[in-house]
Amino acid sequence: SGPDTMSPTGQATGAAQARMAQSGAYLTDAQGTRLYDTDHSLKAGPRGPVLLQDHHLREKVMHFDHERIPERVVHARGAAAHGVFKSYGTASAVTKAAFLAPGAETPVFVRFSTVLGSRGSADTVRDTRGFATKFYTEEGVFDLVGNNMPVFFIQDAIKFPDIIHAGKPHPDREIPQAQSAHDTFWDFVTLHTEATHHTLWNMSDRGIPRSYRMMEGFGVHTFRLVAADGSTTLVKFHWKPKLGVHSLVWEEAQLAGGVDPDFHRRDLADAIEAGAYPQWELGIQTFPDTPEQTFEGIDLLDATNLVPEELARVQPIGLLTLDRNPSNYFAETEQVAFHVGHLVPGVDITDDPLLAGRLFSYLDTQITRLAGPNFSQIPINRPHAPVNDMLRDGFHQDAVHRGVAPYRPNSLDGGCPFLASPENGAYVETPVRVPEATKVREAPESFSDHFSQPRRFWLSMSEVEREHIIGAYTFELGKCYEQAVKERALQVLANIDTQLCARVAEGLGLPAPEATVPPVDVEPSPALSQVGRSWPT
Ligand code: HEM
C-alpha cells in the first residue's frame with residue numbers, strides 16, 4: 001500500500017484532502033479542539049504572570065519556533081509553477097517512455113532558481129539559473145534537473161563541494177552574498193581550468209536573464225534513450241522558450257536587484273496570473289550510441305562540453321506550458337525534491353562522472369533538508385502513478401501500511417505485489433558493456449582540452465555580446481583583492497582569445513600575458529549567440 005493519491009491536476013483527493021489543514025469552520029488547536037481566544041496568554045489575573053499550564057500558548061509558539069527548514073545547500077532561491085507537457089510523439093522512434101508517446105499529456109511542476117545565493121538573496125544577480133522539471137508520468141516520476149547553461153564547471157562530482165565552497169560567500173564576512181565577484185570563486189575557476197567554459201557563459205549575457213520565461217534550459221549531461229525494440233540513442237535535452245532568449249544589461253540587473261529583489265519571481269507569477277502562460281519546446285540532439293560515446297571528436301561524457309546545434313540539430317519533441325501558480329510557497333516550491341535518479345522506462349543514464357555523483361547527492365541532501373526518508377510522500381513530490389513499495393516507517397511516515405509482511409515473496413499477506421517485466425512497464429537498466437579496466441583515480445585524456453569550446457563560444461558572439469563579456473570580466477575581476485588571482489584569470493583569458501584578454505587587462509590596468517596553450521582553430525556556432533536568432537524556433 002502506498003500514500004494517498006493525487007488527482008491528475010495535483011489536487012489531493014480522499015483521505016489526503018481530509019488531512020489538509022484548515023478544513024473546519026472553527027479555529028482549533030493542532031488536536032482539533034475548538035478555541036475561544038488566540039490573542040491572550042493564560043495568566044493569573046489580567047496583569048499577573050503567564051501560567052505554564054497554557055497548552056495553547058506553548059503549542060502555538062513551539063510550532064512557530066520550528067517553521068524554518070534548512071534551505072537547499074545550492075539553488076536555495078527559487079520560484080516555481082505548475083503546468084502541462086504535451087508530447088508531439090516525435091521521440092517515439094528513439095524512446096518507449098510513455099510521456100513522450102504521440103499526444104501524451106503529463107502534469108509537471110517546474111522550479112527555476114539561482115545557484116549561489118541564499119533563500120533571501122536577489123533574483124537578478126550574475127549566476128547560473130536552475131531549470132528543474134518534475135514530470136508526473138503514468139509510469140512514475142521523471143525529473144529533468146537542468147540549468148540555463150548547457151555546460152558545467154567541473155567534470156567530476158567529487159569537486160562539487162569544492163566549487164560550491166569557492167562560490168558561496170567568504171566564510172569570514174559572508175560576502176558577497178549572491179554573485180561571483182570574489183577571490184575564492186576566481187581562485188578556483190582559474191586553478192581548475194575545466195571551469196573556463198561555464199565561467200565564460202556566466203560572464204556572458206546568459207548570466208543575467210531578463211526573465212525565467214526567456215531562458216533556454218539544458219539537461220547538460222548526455223542521457224541514453226531506449227526504444228521499444230531495445231535500441232539505444234544518446235541524447236542531450238534542450239528547452240527552447242517560445243518568447244526567445246533575452247537578457248538584462250548589467251546596469252538593469254543592478255538596478256532591478258536593488259529596487260525589486262523579487263524581479264524574476266514577480267515576473268513569473270504575474271505573467272501566469274495574467275494568463276500569459278510561458279511555453280518552452282523540449283528538444284533533443286541525438287547521437288549514435290557507440291562504445292566511445294563521442295560525437296565529431298567531442299567527448300559526450302564531459303559535462304564541460306556542448307555539441308554545437310549546427311552539428312546536431314535540436315529536434316522538437318513536445319511543448320511545456322506553465323499555467324498555474326503554486327498556492328503555497330512552502331508546501332510546493334520549498335518542499336519539492338528533484339533527483340536526477342528519478343527516471344522512467346525509456347530514459348537511462350550514461351557514465352558521465354558528474355552525473356554519477358549527482359545520483360547520490362540529491363537523495364542524500366533531501367534526508368537532511370526534508371527531515372527523514374519519507375519526502376516522496378509530501379504532496380508535491382507524490383507520484384501520480386500507483387505506489388506499492390516495501391519501504392516502511394521512518395520520520396514523517398504519512399502512510400498507514402497494511403499487512404504484516406513487507407518483503408517478497410511472502411506466504412502471509414494473501415499474495416504479494418507482482419514483479420513487472422519490460423512488457424508491462426518495469427524499469428530495466430540498459431545492459432551497457434563496461435570495458436575491462438583497472439581501478440584508477442584519474443580523468444581521461446579526452447577531458448583535457450579546456451579552451452577550444454570556450455574559444456568557440458567567444459568567436460560565436462556578436463560585437464555587443466563581446467563588449468558585455470569584456471565588461472563583466474573587468475567588473476568581476478576588479479572586485480578581487482588578490483593580484484595573483486587577477487593575473488591567473490588573465491592567463492586563462494589569453495588562452496581563450498588575445499583580444500578578450502587584452503581588453504580585460506586594459507580595464508584592470510595590468511599587462512596582458514601571452515597564451516600558454518596554442519589557440520585552437522574552431523568554427524563559430526551562430527546558434528550560441530542571442531543576437532540575430534528568430535524566435536519562436
Ligand atoms: C540542486 C542542477 C550538479 C548537488 C540543484 C537544482 C538544480 C540543479 C536545477 C535545484 C533543484 C530545485 O529547484 O529544487 C544541476 C546541474 C548540474 C548540477 C544542471 C550539473 C550538470 C550538481 C552536482 C551535485 C549537485 C555535481 C553534487 C555532487 C545538488 C544539491 C542540490 C542541487 C545537493 C540541492 C537539492 C535539494 O536540496 O533538494 N541542482 N546540478 N548538483 N544540486 Fe545540482
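Among contacts in the protein between residues at least 6 apart in sequence, 72% join residues at least 24 apart. Two residues count as in contact if their C-beta atoms, placed from the backbone, lie within 7 Å. The model is predicted: local features need pLDDT of at least 70, side-chain atom pairs count only at pLDDT 80 or more, and totals for chains, interfaces and linings use all residues. Residues are numbered from 1 along each chain as its sequence is written.

The protein has 13 helices and 12 strands. These are DSSP runs, numbered from the N terminus (helices: H or I, at least four residues; strands: E, at least two). The radius of gyration is 26 Å, close to the 24 Å of the globule rule for 537 residues, so the protein is as compact as a globular protein of that length. The radius is taken over C-alpha atoms, and the rule is 2.2 Å times the number of residues to the power 0.38. Along the principal axes, the C-alpha atoms fill a box of roughly 80 × 70 × 50 Å.

Buried residues account for 38% of the 537 residues. A residue is buried if 20 or more other C-beta atoms lie within 10 Å of its own, exposed if 12 or fewer, and partly exposed in between. The largest nonpolar core holds 94 residues. Such a core is a set of buried Ala, Val, Leu, Ile, Met, Phe, Trp, Tyr and Cys residues joined through C-beta atoms within 7 Å. Val 110, Phe 142, Tyr 473, Leu 493 and Val 504 touch the most other members. Helix H12 (residues 483-496) gives the most to this core, with 7 residues. A second, separate core of 5 residues includes Leu 248, Ala 253, Ala 256 and Phe 263.

The ligand is surrounded by 29 residues. The closest are His 75, Arg 111, Gly 130, Val 220 and Ser 361. Strands E2 (105-114), E3 (129-137) and E4 (140-147) and helix H9 (353-369) each give two or more residues to the shell. H9 gives the most, with 8 residues.

Helices H3 (residues 160-167) and H4 (residues 183-191) pack at an angle of about 145°, with axes 7 Å apart. Axes are lines fitted to C-alpha atoms over the stretch in contact, and angles run from 0 to 180 degrees between N-to-C directions. H3 contributes Asp 162, Ile 163, Ala 166 and Gly 167 to the contact, and H4 contributes Thr 184, Phe 185, Asp 187 and Phe 188.

Definitions and conventions:
Near = placed C-beta within 6 Å.
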